[in-house]
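Hi there,

Here is the structure I promised to pass on to you. Have a look at it first, and then read my notes below.

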Amino acid sequence: MAGRRAISALWDLLLQVGFFAAVLRVATPLLLATLGELLCERAGVLNLGIEGIMLLGAMTGFSVAYFTGELWLGILAALLVGALFGLLLGLLTVSLGLSQHVAGLGITMLCTGLSFYAYRLIFGQPGQPPHIEPFQTLPVPGLAELPWLGPVLFDQVPLVYLALLLVPLLAFLLYRTPWGLNLRAVGENPQAAASAGVAVFAMRYQALALGGALMGLAGAYLSLAQFNAFTFGVISGRGWVCIALVVLARWDPWRAAGAALLFGALDALQLRLQSSGAFGLPYPLFLMLPFLATILAMALLARSARAPAALLAPFRREER
Amino acid sequence: MAAPLLELSGIDKRFGAAHANRAVDLRLDHGEILGLLGENGAGKTTLMNILFGLYAADAGTIRIAGQPVRIRHPADSLAHGIGMVHQHFHLVDRMTVLENLLIGQPGRRGRLDRAGALAKLASLGERYGLRLAPERLVETLTVGEQQRLEIMKALYRGARILILDEPTSVLTPSEADGLFRALRAMAAEGVGVIYISHKLAELRALVSRVVVLRQGRVVGDLALTEAVTDQQLARLMCGQDLAAPTRTARAPGPTLLELQGIGAAARGRHGVALDDISFSLAAGEILGIAGVSGNGQRELAQLIAGLVPPRRGRLLVAGQILRRPTPRQLRRLGVAVIPEDRLGEGLIAGAPLAESLALARFHEPPFSRHGVLRLAAMAEFAAAQIAAFDVRSASPGGRTGALSGGNLQKALLARELAFGPRLLIAAQPTRGLDVAAQAFVHSRLLELCRQGGAVLLISEDLDELSALSDRIAVMHGGRIVGILPVAEADRTRLGLMMAGQAAAA
Amino acid sequence: MSRLRLEPRASTPAWLGLALPLAALAATLILCSGLILLAGAGVLPAYQALASGAFGSRFNSFETLVKAAPLVFTGLAAALAFRARFWNIGGEGQLLAGAMAAAFIGSQAGLPGWALLPGMILGGAAAGAVAALVPALLRLRLKVDDVVASLMLNFVIYYAMLALLDGPWKDPLSGYPDSPDILPAAEYPMLWRASRLHLGVLLALLAAPALWFLVRRTTFGFALRAVGDNPRAAAHAGIRAGAVLLVVAALSGALAGLAGVGEVAGVHYQVMAGLSPGYGYTGIVVAMLARLNPLGVLPAALFFAAVATGAETLARTTGVPVFLADVIQGTALLCMLTALLFTSHRVRWQRRGGEAGH
């Protein structure tokens with residue numbers, strides 16, 4: 001009986017427009033960070049710094065916006081700091097050829113420590129965490145009034161539109177431009193790219209800087225558009241989930257959008273379930289859902305996934 | 001007189017302690033096909049990589065059509081019209097033919113110039129007879145087609161100078177003929193070709209002048225006429241006369257290895273399935289396995305080494321049927337293995353030499369007792385093998401990866417021969433070794449046979465196979481096309497069989 | 001025109017083994033001094049406060065040792081796994097699994113008193129092992145990247161623990177998310193009267209040499225190193241890499257689990273949300289700093305424990321945020337990783353040649 005009631009409640013939920021609008025909101029940071037990670041991996045570098053870079057982006061974006069009152073300045077700062085740590089990862093894994101696994105984890109640890117340190121230094125230990133006035137929705141004139149589609153797609157904050165536009169843009173860059181072809185070649189066979197005159201290191205640095213910037217942006221979205229504040233748990237594993245989303249998306253921007261929306265839906269669903277106290281289960285079980293789903297998805301798909309062939313392999317120009 | 005197309009003078013290059021090129025001078029004219037001859041390790045590939053901008057020379061000058069140029073990156077050499085076909089192809093497997101041509105090329109208004117590329121591709125087909133479907137994925141191309149794509153890449157970029165590094169080692173004889181025709185067509189249009197090889201017959205067919213390198217130095221620059229004998233060239237190349245290994249006919253002993261209709265599934269993306277493989281190998285015998293690279297030789301070696309179980313057929317070692325052989329079981333039966341990739345499959349680059357040498361038997365005495373390692377025994381064994389096989393600049397505690405190719409092979413041979421094997425599987429045992437080291441390996445293989453052992457010798461070097469083997473089996477597409485006694489195995493016949501034609505003749 | 005060039009080294013001089021971690025630590029402390037200045041404190045006084053907070057008194061030193069114990073276990077767990085190229089980032093989750101198992105067994109009044117401690121140790125180790133076997137099996141059977149799988153599992157286990165604390169283990173009276181206390185007989189005995197120096201510290205001290213012996217002196221250790229260094233050569237030598245990986249995963253997880261047992265039986269006597277301040281992740285840094293040598297794990301763990309306890313004093317006395325410890329951790333990991341390059345390569349500034357003219 002209770003089961004049937006729960007299922008019908010779930011059904012009602014899925015029919016609400018508000019749920020789908022929420023899916024898009026929750027999926028946006030996942031999409032931004034997934035696209036960032038995808039760029040890095042397409043160039044042959046696994047960026048495990050993602051979790052930390054997102055956190056640092058969230059902290060930097062929030063602090064700058066808090067003191068300047070300009071949300072967009074916060075966004076800019078998050079982009080810059082993300083790019084900076086992407087470049088640092090490049091120094092370690094591209095120029096020095098160090099283990100991408102360990103260097104990435106190190107970046108995450110460093111960024112995590114820096115975020116906490118800087119936040120404590122700036123804000124001390126207030127009883128109530130400081131808030132900012134977040135991004136407001138920007139209805140697209142004409143389209144926002146459409147039934148159903150309007151509120152879901154065209155009545156969102158600007159960053160959601162930006163994330164959605166990034167998908168075709170990145171797909172175009174990767175598949176239709178010389179820059180994208182060279183980037184993919186560098187990730188598949190850097191030796192071949194080098195002998196065709198492509199500057200392998202430069203391409204990898206570019207991918208890491210751009211990818212890092214997107215990760216920083218994803219973090220800033222969380223503190224400036226979703227939670228309106230910075231908390232130590234603001235990322236809590238979202239970055240790691242994005243690593244798996246890239247595999248799920250098979251390194252393709254379009255599929256990345258699908259994967260991010262799927263996990264956004266899962267996240268939105270678990271938030272609703274949590275707040276509705278459904279099934280009388282302890283709420284942490286719902287928090288666990290995205291991580292369980294990630295493991296499951298990887299277990300189903302990892303065997304058939306083909307990562308860029310040069311992923312994890314350092315490229316040294318001159319060595320015998 | 002017009003300036004030569006390309007002129008190198010005083011090129012010098014060191015890698016740490018190794019002096020790869022010493023004051024090398026070299027000249028190439030318009031429309032000339034120049035042979036660059038030298039042993040493995042003579043510095044040919046290094047020199048060409050410098051010319052191509054992959055390595056930076058320590059000293060020296062490069063002139064193109066009389067103008068001094070700086071080449072610091074492949075992009076520079078491409079801009080100067082230098083194209084290179086490497087021994088290991090530089091292609092992206094998961095991209096199409098067209099995409100591979102476009103890598104590193106400027107676009108049209110920021111986008112990839114597909115239409116322009118297609119037009120250029122068509123003109124290459126008309127001028128040199130080089131044709132490939134533009135949308136095919138590189139991983140679906142045969143090795144010969146991949147090489148064609150490499151040449152097309154160079155011409156697509158407007159190469160006036162084309163360098164080919166050992167281009168025929170992966171080709172069947174008829175594919176090689178096609179390559180020669182294309183090269184001559186290019187030369188007729190004024191393209192200069194540098195053709196790197198150590199195969200004398202091939203050079204005679206194609207080039208009019210050779211430059212010979214030895215130990216990084218130019219030791220000869222001569223017109224390749226009838227008057228120049230193979231002996232002269234070999235002496236220039238090696239600094240000594242080549243002593244052919246002497247094989248004495250032996251009465252075959254009992255059968256040590258027998259395969260009856262063995263089949264195995266293909267593994268991995270580039271794997272080859274083995275199909276209906278049957279042969280036997282008797283004590284005192286060397287059976288050679290010939291074939292173009294990638295026709296199942298590697299898979300056959302792995303199967304007999306116990307890494308891949310047979311799916312069909314029977315495998316008998318010393319008369320015992322093995323259904324699912326394991327490496328340890330085979331070792332107990334006296335099988336030793338020299339894998340194709342010495343450092344990748346045989347030894348451990350990062351470990352001390354003593355551990356690399358104990359790797360095959362660390363789990364049993366004398367190297368361990370009751371699960372506890374005996375480091376002293378391992379060091380003692382390593383020291384003894386280093387002395388016995390004359391492994392240079394090695395110590396039991398030194399890093400394995402620091403040894404040179406020849407010394408690595410000696411170390412591996414020492415380990416595999418140390419416990420008196422009856423059967424040795426040797427895959428490409430002399431690839432990349434200098435003449436002295438090759439001779440050493442050959443003598444050890446022959447000695448094993450004299451002592452009643454047997455050798456399965458897998459090699460892509462037909463000269464080596466002819467010199468050592470009693471019989472030669474040829475593989476093609478995962479099958480054995482035929483097995484010939486060495487007396488009947490001339491080059492033409494082997495060449496036809498390597499191309500897949502059965503030994504009907 | 002000059003540029004950085006890396007040249008492979010023929011052999012590693014012995015002194016480098018000791019000099020590199022020290023150089024990495026020195027670089028870390030120098031790099032982090034900028035942050036101390038930002039906080040308005042003096043660099044030397046701050047590091048002095050850090051040191052005296054860690055070792056200034058017997059109480060402080062014991063506190064540092066108590067913090068070092070779980071780091072030794074998680075450090076050994078990472079060192080063992082990484083040596084076999086099993087990227088076990090799941091030390092945190094395995095620690096929590098061990099802690100939960102220990103808290104469960106330790107509160108069973110039905111068990112005889114003498115069985116409690118051995119039961120907790122075995123149960124905690126087993127729980128950690130099972131948690132580590134999941135990513136190992138996923139990698140072996142389904143080719144799932146072990147880094148991602150073990151990381152995800154940390155979150156799954158953490159939320160499972162919160163669910164337990166919010167559900168069956170919730171204190172019915174206070175409503176606090178704390179598990180019931182373990183029985184007094186289940187507590188680790190103290191090594192020193194009236195201190196917090198518990199048995200787990202001694203166990204950690206003994207575990208390091210034991211693991212060193214396993215890795216360096218036994219045939220199993222030989223096999224796991226071979227699998228880590230060159231899996232294809234190991235296969236040729238008849239080593240079954242899959243079996244080795246599973247045993248390594250189980251051992252690694254068990255060690256991390258023991259870290260959790262120690263926190264429950266020796267420090268908190270219960271499980272709560274803040275049981276581990278990231279000991280599992282710090283263990284990775286400890287292992288790297290130790291160059292994956294189990295004996296090196298002891299000083300490395302002591303260092304990070306000292307930074308953690310010292311940073312608390314530092315924060316109280318100077319206002320430098322306690323999170324300096326986290327920054328030092330991350331920086332140390334990156335510095336050590338860079339320093340390791342010097343064991344296999346030498347770095348040279350080289351003038352460019354090969355150009356027209358001389």
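**What I found**

Chain A holds 13 helices and two strands; helices (H or I, at least four residues) and strands (E, at least two) are DSSP runs, numbered from the N terminus. The radius of gyration of chain A is 20 Å, close to the 20 Å from the globule rule for 320 residues, so chain A is as compact as a globular protein of that length. That radius is taken over C-alpha atoms, and the rule is 2.2 Å times the number of residues to the power 0.38.

Before we go on: this is a predicted model, where local features need pLDDT of at least 70, side-chain atom pairs count only at pLDDT 80 or more, and totals for chains, interfaces and linings use all residues. Residues are numbered from 1 along each chain as its sequence is written, while chains are lettered from A and ligands numbered from 1 in the order in which they are written.

The C-alpha trace of chain A spans about 70 × 45 × 45 Å along its principal axes.

Now for chain B. Its strands form an open, antiparallel sheet of four, in the order β12-β11-β14-β15 (two strands pair if DSSP finds at least two bridges between them). At the edges are β12 (274-282) and β15 (320-322) of chain B, each pairing on one side only. Six bridges join β11 (residues 255-264) of chain B to β12(B) in the antiparallel sense. One detail to look up: B:A264 has B:L274 in β12(B) as its bridge partner.

Enjoy exploring!
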